[in-house]
Each structure stands twice: as structure tokens, then as C-alpha cells.
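User: Hi! Could you walk me through this one?
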Amino acid sequence: RGYEGDGRFICKNKNECKDEESTCPANSFCVDHAPDDKDQRFYKCGCNAGFKPGSTSNDFGPEECLDKLECEDGSHTCDKMVGIC
């Protein structure tokens with residue numbers, strides 16, 4: 001995992017994100033990278049804008065991305081004088 005080639009002369013990073021082999025959850029994005037000595041992950045997941053990580057994660061990132069509910073937590077950008085959230 002992480003690399004592809006003939007096993008002898010050709011060895012290049014395999015893009016698990018592009019090849020849809022990542023396990024990123026719904027409402028998230030995938031960032032591919034080549035593993036190195038410090039970080040053996042082949043890709044990382046992150047939650048899309050408007051979503052936040054759930055309570056559990058794995059080596060690749062959050063296991064679920066939940067709606068942030070900006071109106072409830074007060075992080076919305078609505079005009080408080082005229083806007084309805």
C-alpha cells in the first residue's frame with residue numbers, strides 16, 4: 001500500500017484518494033501523500049467546511065464528520081440584527 005510499480009525498478013506514490021481507496025467518511029476530503037519515516041500514513045482525511053470531526057478518529061483522521069450546526073453553537077456569520085439563522 002502507498003506505492004505502485006513493478007516491485008523492482010518502478011516505484012511511485014499511489015494516490016489512494018484518486019483511486020477511491022481511502023476510508024474517509026461522508027462530508028470529508030482526502031489528501032494523498034507519500035509515507036516517510038516520520039509518518040507512515042498514505043493519506044489523511046479532514047472534514048469539509050460546515051462539518052466537524054465526531055468523537056472518534058483513526059490513523060487517517062476522523063471516522064465521521066458531523067454538521068457543525070452553526071446556528072446552535074453561535075459560530076454562524078448571519079447579521080444578528082436582520083438575519084435569521
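Analyst: Happy to. A disulfide here is a pair of cysteine sulfur atoms within 2.5 Å. Cysteine 47 and cysteine 65 form one, with their sulfur atoms 2.2 Å apart. This is a predicted model, where local features need pLDDT of at least 70, side-chain atom pairs count only at pLDDT 80 or more, and totals for chains, interfaces and linings use all residues. Residues are numbered from 1 along each chain as its sequence is written, and side-chain values use heavy atoms, with hydrogens and water left out.

User: Which parts of the chain does the pair of cysteine 47 and cysteine 65 link?
Analyst: Cysteine 47 sits in strand 4 and cysteine 65 in strand 8 (residues 65-67), distant parts of the chain that are 18 residues apart. Strands (E, at least two residues) and helices (H or I, at least four) are DSSP runs, numbered from the N terminus.

User: Are cysteine 47 and cysteine 65 buried or exposed?
Analyst: Cysteine 47 and cysteine 65 are both buried. Buried means under 20% relative accessible area, exposed means over 50%, and partly exposed is in between (1.4 Å probe, protein chains only).

User: How many disulfides does the count come to?
Analyst: The count is 3 disulfides. Another one joins cysteine 24 and cysteine 45, whose sulfur atoms are 2.0 Å apart. That pair links distant parts of the chain, with cysteine 24 in the loop between strand 2 and strand 3 and cysteine 45 in strand 4, 21 residues apart. Cysteine 45 has 12% relative accessibility, so this residue counts as buried.

User: What about cysteine 17 and cysteine 30?
Analyst: They form a disulfide too, with sulfur atoms 1.8 Å apart. Cysteine 17 is in the loop between strand 2 (11-13) and strand 3 (28-32), while cysteine 30 is in strand 3, 13 residues apart. The link of cysteine 17 and cysteine 30 is left-handed, at -65° about the S-S bond. Cysteine 30 counts as partly exposed because its relative accessibility is 25%.

User: Switching topic: how many helices and strands are in the chain?
Analyst: The chain has 1 helix and 8 strands. Along the sequence they follow the pattern β-β-β-β-β-β-β-β-α.

User: How much of the chain counts as buried?
Analyst: Of its 85 residues, 25% count as buried. The chain exposes about 6400 Å², and carbon and sulfur atoms supply 50% of that. These accessible areas come from the Shrake-Rupley method with a 1.4 Å probe; for residues, only the protein chains shown count as cover.

User: What's the count of aromatic pairs?
Analyst: It comes to 1 aromatic pair. Tyrosine 43 and phenylalanine 60 are stacked, 4.4 Å centre to centre with 10° between the planes. Rings of Phe, Tyr and Trp (its six-membered ring) pair if their centres lie within 6.5 Å, and planes under 30 degrees apart count as stacked, over 60 as edge-to-face and the rest as tilted.

User: Why does that pair tie parts of the chain together?
Analyst: Tyrosine 43 lies in strand 4 (residues 43-47) and phenylalanine 60 in the loop between strand 6 (57-58) and strand 7 (61-62), so the pair ties together parts that are 17 residues apart in sequence. Tyrosine 43 and phenylalanine 60 are both buried.

User: Last one: where is histidine 76, and what does it touch?
Analyst: Histidine 76 is in the segment after helix 1 (70-73). Leaving out residues up to four places away in sequence, histidine 76 touches Glu70, Cys71 and Cys85, where contact means heavy atoms within 4.5 Å.
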